[in-house]
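Colleague: I am new to this structure. Please take me through its features one at a time, and tell me how to read each of them.

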Amino acid sequence: MMTIDWASFTPWSALAGGVLIGLAAAVFVLVNGRIAGISGILGGLLRPQSGDLSWRVAFVAGMIAAPLLWAAMTTLPEILIEASVPMLVAAGLLVGVSTRYAGGCTSGHGVCGISRLSPRSLLATVSFMATGFITVYIVRHAIGG
């Protein structure tokens with residue numbers, strides 16, 4: 001049976017975060033004409049093209065700097081990872097390979113693609129979510145992880 005920890009349930013901050021992510025993605029596509037998909041941005045750093053490097057470096061630097069600035073202003077919640085290192089490595093490899101097969105990541109498809117009404121992004125996002133649901137069910141209930 002599932003229970004909700006109402007003391008930790010934070011719908012307003014989650015809503016605000018979602019609005020900020022959506023707004024940032026919209027501004028990014030309007031200003032740069034590019035999709036704010038993290039895997040594509042990082043992938044472009046691995047095979048840089050002329051005139052294409054500075055905005056990618058700035059984007060990634062912002063992703064690194066934002067939590068550091070937040071940590072300087074407030075206490076971050078404790079992060080507890082209950083998975084083993086081999087499990088984390090396997091999960092990372094699966095995500096990386098899956099991102100290549102899907103032609104993008106959850107941010108590219110789920111945030112940017114669905115907002116553009118892309119059928120390919122809708123299918124990819126449904127696949128991501130269904131796979132996540134099935135994986136959680138198997139790990140937590142079927143094999144008791």
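Modeller: Let us begin with a single residue and its surroundings. His109 touches Ala102, Gly103, Gly104, Ile114, Arg120, Ser121, Ala124, Thr125 and Phe128, leaving aside residues up to four places away in sequence. Keep in mind that this is a predicted model.

Colleague: Is His109 buried or exposed?

Modeller: Buried means under 20% relative accessible area. His109 has a relative accessible area of 2%, so His109 is buried.

Colleague: Which helix holds His109, and which other residues are buried there?

Modeller: His109 is in helix α5, residues 106-115. The buried residues of α5 are Ser107, Gly108, His109, Cys112 and Gly113. Their cover includes α1, α2, α4 and α6. Just after α5, Leu117 has a positive phi of about 60 degrees.

Colleague: How many helices and strands are there in the chain?

Modeller: The chain has six helices and zero strands. Its pattern along the sequence is therefore written α-α-α-α-α-α. The C-alpha trace spans about 50 × 40 × 35 Å along its principal axes. Of the 145 residues in the chain, 16% are buried.

Colleague: What share of the contacts joins residues 24 or more positions apart?

Modeller: Among contacts with a separation of 6 or more, 34% are between residues 24 or more positions apart.

Colleague: Now the charged residues. Why do some side chains pair?

Modeller: Side chains of opposite charge can pair when their charged atoms come close. In this structure, a search of the whole model finds two salt bridges. One joins Arg34 and Asp52, whose closest N and O atoms are 3.3 Å apart. Arg34 lies in the loop between α1 and α2 (38-46) and Asp52 in the loop between α2 and α3 (53-73), so this pair ties together parts that are 18 residues apart in sequence.

Colleague: What is the partner of Asp52 in the salt bridge of 2.8 Å, N to O?

Modeller: The partner is Arg56, whose side chain meets that of Asp52 at that distance. Arg34, Asp52 and Arg56 are thus listed as linked in a network of salt bridges.

Colleague: How accessible are Arg34, Asp52 and Arg56?

Modeller: Arg34 has a relative accessible area of 35%, so Arg34 is partly exposed. Asp52 is buried at 8%, and Arg56 is buried at 8% as well.

Colleague: Let us turn to the surface. Which residues form the nonpolar patch?

Modeller: The patch consists of Leu20, Leu23, Val27, Val29, Leu30, Val31 and Ile35, and together they have about 670 Å² of accessible area. Take Val31 as an example. Val31 lies in helix α1, residues 11-32. Exposed means over 50% relative accessible area, and Val31, at 63%, therefore counts as exposed. For the chain as a whole, the accessible surface is about 11,300 Å², with 72% of it belonging to carbon and sulfur atoms.

Colleague: What is the volume of the largest pocket, and which residues lie nearest its centre?

Modeller: The largest pocket has a volume of about 760 Å³. Its lining has 20 residues, and those nearest the centre are Ala91, Gly132, Thr135, Val136 and Val139.

Colleague: Which helix gives the most to the lining of the largest pocket?

Modeller: α6 gives the most, with eight residues. Both α4 (85-102) and α6 (119-142) supply at least two residues each to the lining of the largest pocket.

Key: Residues are numbered from 1 along each chain as its sequence is written. This is a predicted model: local features need pLDDT of at least 70, side-chain atom pairs count only at pLDDT 80 or more; totals for chains, interfaces and linings use all residues. Side-chain values use heavy atoms; hydrogens and water are left out. Helices (H or I, at least four residues) and strands (E, at least two) are DSSP runs, numbered from the N terminus. Buried means under 20% relative accessible area, exposed over 50%, partly exposed in between (1.4 Å probe, protein chains only). Contact means heavy atoms within 4.5 Å. Patches are made of residues with over 30% relative accessible area and no salt bridge: like charges are joined within 9 Å, nonpolar side chains (Val, Leu, Ile, Met, Phe, Trp, Tyr) within 5 Å. Accessible areas come from the Shrake-Rupley method with a 1.4 Å probe; for residues, only the protein chains shown count as cover. A salt bridge is a side-chain nitrogen of Lys or Arg within 4 Å of a carboxyl oxygen of Asp or Glu. On a 1 Å grid over the protein atoms alone, a cavity is a set of points where a 1.4 Å probe fits but cannot get out, and a pocket is an open set with protein on both sides within 12 Å along at least five of seven lines; lining residues have an atom within 4 Å of a point. Grid points are joined across faces, edges and corners, and a volume is the space filled by probe spheres set on the points.
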